[in-house]
Amino acid sequence: MPDEFDWPKRRKRAPPEQQELIDSELRKRYDDGATVRRLTEESGRSFGYVHRRLVASGVEFRPRSGDRRPSRRSADGGPQAPR
């Protein structure tokens, strides 16, 4: 997707009107399927900034992806027997 939104420069505080535009753009892109990591790359902002702005805009986060299996440790913290 071409980056048509004019992201503000890093380390510059956006005025409230521009912040609303940034929030709506981040939410739109997240709702369209972009990941938080992708949004950090596109916007040039940190993960924490993008996450906070999405929370402020009321987004409902998708579950995390990747290998979410429990670790191979037993409940008492010791190693499990090989399978």
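1. Basis. The model is predicted, so local features need pLDDT of at least 70 and side-chain atom pairs count only at pLDDT 80 or more, while totals for chains, interfaces and linings use all residues. Residues are numbered from 1 along each chain as its sequence is written, and side-chain values use heavy atoms, with hydrogens and water left out.

2. α1 against α2. Helix α1 covers residues 16-31 and helix α2 residues 36-43. Helices are DSSP runs of H or I, at least four residues, numbered from the N terminus. The two pack at an angle of about 135°, with axes 10 Å apart. That makes α1 oblique to α2. Angles under 35 degrees count as roughly parallel, over 145 as roughly antiparallel, 65 to 115 as roughly perpendicular and the rest as oblique. Axes are lines fitted to C-alpha atoms over the stretch in contact, and angles run from 0 to 180 degrees between N-to-C directions. The crossing of α1 and α2 is right-handed, that is, the near helix is turned clockwise from the far one by less than a right angle.

3. Their contact. From α1 come L26, R29 and Y30; from α2 come V36, L39 and E42. Contact means heavy atoms within 4.5 Å. Four of these residues are nonpolar, none polar and two charged. Ala, Val, Leu, Ile, Met, Phe, Trp, Tyr, Cys and Pro count as nonpolar, Asp, Glu, Lys and Arg as charged, and the others, Gly among them, as polar.

4. α2 against α3. These axes come within 9 Å and cross at roughly 110°. That makes α2 roughly perpendicular to α3. This crossing is right-handed. V36, R37, L39, T40 and S43 of α2 meet F47, V50 and L54 of α3.

5. T40. This residue of α2 counts as buried because its relative accessibility is 14% (buried is under 20% relative accessible area, exposed over 50%, partly exposed in between, with a 1.4 Å probe and protein chains only). Beyond four places in sequence, T40 contacts R45, S46, F47 and V50.

6. The core. The largest nonpolar core has twelve residues: W7, A14, I22, L26, Y30, A34, V36, L39, Y49, V50, L54 and V59. Such a core is a set of buried Ala, Val, Leu, Ile, Met, Phe, Trp, Tyr and Cys residues joined through side-chain atoms within 4.5 Å. Helices α1, α2 and α3 (47-56) each give two or more residues.

7. A14. Outside four places in sequence, A14 touches Q19 and I22.
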